[in-house]
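Biologist: I have some questions about this one. Can we go through the side chains and the ligand site together?

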Amino acid sequence: MKVAILSGSVYGTAEEVARHAEKLLQDAGFQAWHNPRASLADVQAFAPQAFLVVTATTGMGELPDNLQPLYFAIRDHLPAWSGLPGGVIALGDASYGDTYCGGGELVRELYAELGVREVLAMLRLDASESVTPETDAEPWLAEFMAALNA
Ligand SMILES: Cc1cc2nc3c(=O)[nH]c(=O)nc-3n(C[C@H](O)[C@H](O)[C@H](O)COP(=O)(O)O)c2cc1C
């Protein structure tokens, strides 16, 4: 199964988590493809069968600058991805209160518009609680892969 992994990151943490996810998915036999600067054309050329978005939150609940152009391109064009499975890993900081993991929530809204099926509840990684987001994501990734295989 071809899994497109898209990431939004300011300081690189989300990108590291996405790279780790790419490796784990590949080790499990998925055709995982991570491009932190993907355009909509790049994603469409890959012809994904599933999605994993790993994104930090910046500003007041906003998506990082490196994911925004792709996010808006997808929202403008609404590609025919309805019914495909997807998951979201959101990096944030609970001390931001209401905007905690807001970037991930924006991706969930986009999934809903597209008809992408969230196969697992969004994972929230809280930077105020843990400094090991890659390993913290592993149990969730195992469940995500099991859901894709189901
Ligand atoms: C300027 C700034 C604004 C932020 N705004 C939010 C926010 O609104 N909500 C949230 O949950 N986290 C917020 N964060 C926390 C980051 O999302 C979190 O530290 C994340 O792990 C950063 O990942 P990155 O290294 O991939 O950029 C903010 C961090 C910074 C530096």
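Biologist: Which side chain makes a polar contact with that of His-34?

Modeller: Keep in mind that this is a predicted model. The side chain of His-34 has a polar contact with the side chain of Ser-7, at 2.8 Å.

Biologist: Where does His-34 lie, and what else is it in contact with, its neighbours within four places in sequence aside?

Modeller: His-34 is in strand 2, residues 31–34. Besides Ser-7, the residues in contact with His-34 are Ile-5, Glu-15, Ala-18, Arg-19 and Glu-22.

Biologist: Buried or exposed?

Modeller: His-34 has 12% relative accessibility, so it counts as buried. The cut-off for buried is under 20%.

Biologist: On to the rings. How many aromatic pairs are there?

Modeller: The count is four aromatic pairs. One of them is Phe-51 with Trp-81, which is tilted, with 4.6 Å centre to centre and 50° between the planes.

Biologist: Which parts of the chain does that pair tie together?

Modeller: Phe-51 belongs to strand 3 (residues 50–55), and Trp-81 to the loop between helix 3 (68–77) and strand 4 (85–92), so the pair links parts 30 residues apart in sequence. Phe-51 and Trp-81 are both buried.

Biologist: And why do Trp-140 and Phe-144 count as stacked?

Modeller: Their ring planes are at 15° with the centres 5.2 Å apart, so the pair of Trp-140 and Phe-144 is stacked. The cut-off for stacked is under 30 degrees between planes. Both residues sit in helix 6 (residues 138–149), four residues apart, which is about one turn of the helix. Trp-140 and Phe-144 are both buried.

Biologist: What sits over the ring of Phe-46?

Modeller: The charged end of Lys-2, 5.1 Å from the centre of the Phe-46 ring.

Biologist: Now the core. How many residues does the largest nonpolar one have, and which have the most contacts inside it?

Modeller: The largest nonpolar core has 25 residues. Those with the most contacts inside it are Leu-6, Val-43, Phe-51, Leu-70, Ile-74, Trp-81 and Tyr-111. At least two residues of this core come from each of strand 1 (2–8), helix 2 (40–46), strand 3, helix 3, strand 4 and helix 4 (102–114). There is another core apart from it, with 24 residues, including Val-17, Leu-25, Phe-30 and Leu-52.

Biologist: What does Tyr-111 touch, leaving out residues up to four places away in sequence?

Modeller: Tyr-111 touches Phe-51, Leu-52, Val-53, Gly-86, Gly-87, Val-88, Val-116 and Glu-118.

Biologist: Switching to the ligand. How many residues surround it, and which are the closest?

Modeller: The ligand is surrounded by 20 residues, and the closest are Ser-9, Thr-13, Ala-14, Thr-57 and Thr-99.

Biologist: Which polar backbone atoms are 2.8 Å from an oxygen atom of the ligand?

Modeller: One belongs to Tyr-11, and another to Cys-101. Asp-93 also has a backbone N or O atom 3.0 Å from an oxygen atom of the ligand.

Biologist: Where is Cys-101, and what is its phi?

Modeller: Cys-101 is in the loop between strand 4 and helix 4. Its phi is positive, about 55°, although Cys-101 is not a glycine. Cys-101 is buried, with a relative accessible area of 1%.

Biologist: What about Leu-78, what is its phi?

Modeller: Phi of Leu-78 is near 35°, again a positive value in a residue other than glycine. Leu-78 is in the loop between helix 3 and strand 4. With 42% relative accessibility, Leu-78 counts as partly exposed.

Biologist: Back to Thr-57. Where is it found, and what is it in contact with beyond four places in sequence?

Modeller: Thr-57 is in the loop between strand 3 and helix 3. Its contacts are Glu-62, Leu-91, Thr-99, Cys-101, Gly-102, Gly-103 and Gly-104. A polar atom of the Thr-57 side chain lies 3.3 Å from the backbone nitrogen of Gly-102. Thr-57 is partly exposed, with a relative accessible area of 22%.

Biologist: Last one. Is Tyr-96 buried or exposed?

Modeller: Tyr-96 is exposed, at a relative accessible area of 51%. Tyr-96 is found in the loop between strand 4 and helix 4.

Notes
Residues are numbered from 1 along each chain as its sequence is written. This is a predicted model: local features need pLDDT of at least 70, side-chain atom pairs count only at pLDDT 80 or more; totals for chains, interfaces and linings use all residues. Side-chain values use heavy atoms; hydrogens and water are left out. Rings of Phe, Tyr and Trp (its six-membered ring) pair if their centres lie within 6.5 Å; planes under 30 degrees apart count as stacked, over 60 as edge-to-face and the rest as tilted. Buried means under 20% relative accessible area, exposed over 50%, partly exposed in between (1.4 Å probe, protein chains only). A charge sits over a ring if NZ of Lys or CZ of Arg is within 6 Å of the ring centre and within 35 degrees of the ring normal. A nonpolar core is a set of buried Ala, Val, Leu, Ile, Met, Phe, Trp, Tyr and Cys residues joined through side-chain atoms within 4.5 Å. Contact means heavy atoms within 4.5 Å. A residue is near a molecule or strand if one of its heavy atoms lies within 4 Å of it. A polar contact is a pair of N or O atoms within 3.5 Å; within protein, one must be able to donate a hydrogen and the other to accept it, and residues adjacent in sequence count only if both atoms are side-chain atoms.
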